[in-house]
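Please consult the sequence and the model shown below. The briefing that follows covers overall architecture, surface and charge, and salt bridges.

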Amino acid sequence: MLNLEFVIEGGDFTKAGQASSEVKQILKQINIPPAHIKRIAVAMYEAEVNVVAHAYKGKMSVFIDPSKVYLKIEDEGPGIPNIEQAMQEGFSTATEAVRQMGFGAGMGLPNMKKNVDEMQVTSEVGKGTIVELTTYIT
Amino acid sequence: MGNRPVSKINVDTKQDKKRNMKLKEIIEKLNLTVICANDQFENEVSGGYCSDLLSDVMGNATEGQIWITIQVHKNIIAVASLKELSAIVIVKGLEPGEDTIETAKKENIVLLSSNETAFDLAGKLYGLIN
């Protein structure tokens, strides 16, 4: 069992993707099958970018055992009032500045869902959001 | 003998198959400017993807493709790296900032540019590899 933790800074787009890149390298080093790595990379990048785009700060915890890769991304931020709505493709609350960079297309949460086996979103308005992503290694 | 008309045609059996081209051939044929690259010129390009939405590229581009975009900020490098794309082509003569170029070098990502529009360049690339 491998357990790693990465800090994600809210609002800092210069570092967006850094945690995901580091985790991807580790997954490669420990020989997780490439097909799994590709999908996990998409999901965790989206989760990381969401923290950068919406929250004040957050962390990504990675738990790896021979049967699965489990990612937990928790942030201190505004929270999501309506998770069902947020899960809809195209729905976004991103600012205009964020959208101009090509983020905020409302594809983040749907991209996560498409690329993992299990996904859970827990959120409290005014406090923060927890996204849990599980991929089973078969 | 000798009275029968003889016709001979060389049939190109590769005609219908998708061509896998090397990055250097594509750079040459599409007249692309190399902003930064390391030793990837012999790499094979599997296709192309054209989009300015980062999540769209994350969700739908596949390994080995060339990504055509008008985005120039440094976050495009993380996307190309995570998706293992063969190169990013910035179109319309737009210039990436120093920080984008520095990140590309650090992450070993091929950054190219073209004066053409995304539509024109994508059309030519499609013609080359399909």
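How much accessible surface does chain A have, and what share of that surface belongs to carbon and sulfur atoms? The accessible surface comes to about 6900 Å², with 51% belonging to carbon and sulfur atoms; accessible areas come from the Shrake-Rupley method with a 1.4 Å probe, and for residues only the protein chains shown count as cover.

This is a predicted model, in which local features need pLDDT of at least 70 and side-chain atom pairs count only at pLDDT 80 or more, while totals for chains, interfaces and linings use all residues. Residues are numbered from 1 along each chain as its sequence is written, chains are lettered from A and ligands numbered from 1 in the order in which they are written, and side-chain values use heavy atoms, with hydrogens and water left out.

**Architecture of chain A**

- Chain A contains 5 helices and 5 strands, where helices (H or I, at least four residues) and strands (E, at least two) are DSSP runs numbered from the N terminus.
- Their order along the sequence is β-α-α-β-β-α-α-α-β-β.
- The radius of gyration of chain A is 14 Å, which agrees with the value near 14 Å for a compact globule of 138 residues; the radius is taken over C-alpha atoms, and the globule rule is 2.2 Å times the number of residues to the power 0.38.
- The C-alpha trace of chain A spans about 40 × 30 × 25 Å along its principal axes.
- Among contacts (heavy atoms within 4.5 Å) between residues of chain A at least 6 apart in sequence, 63% join residues at least 24 apart.

**Burial**

- Of the 138 residues of chain A, 49% count as buried; buried means under 20% relative accessible area, exposed over 50%, and partly exposed in between (1.4 Å probe, protein chains only).

**Salt bridges**

- Over all chains, 11 salt bridges are found, each a side-chain nitrogen of Lys or Arg within 4 Å of a carboxyl oxygen of Asp or Glu.
- Glu89(A) and Lys114(A) form a salt bridge with closest N and O atoms 3.6 Å apart. This pair links distant parts of the chain, 25 residues apart: Glu89(A) is in the loop between α3 (83-86) and α4 (96-100), and Lys114(A) is in helix α5 (residues 108-115).
- Glu89(A) is partly exposed at 49% relative accessible area, and Lys114(A) is partly exposed at 48%.
- In chain B, Glu42(B) and Lys22(B) meet in a salt bridge at 3.1 Å, N to O.
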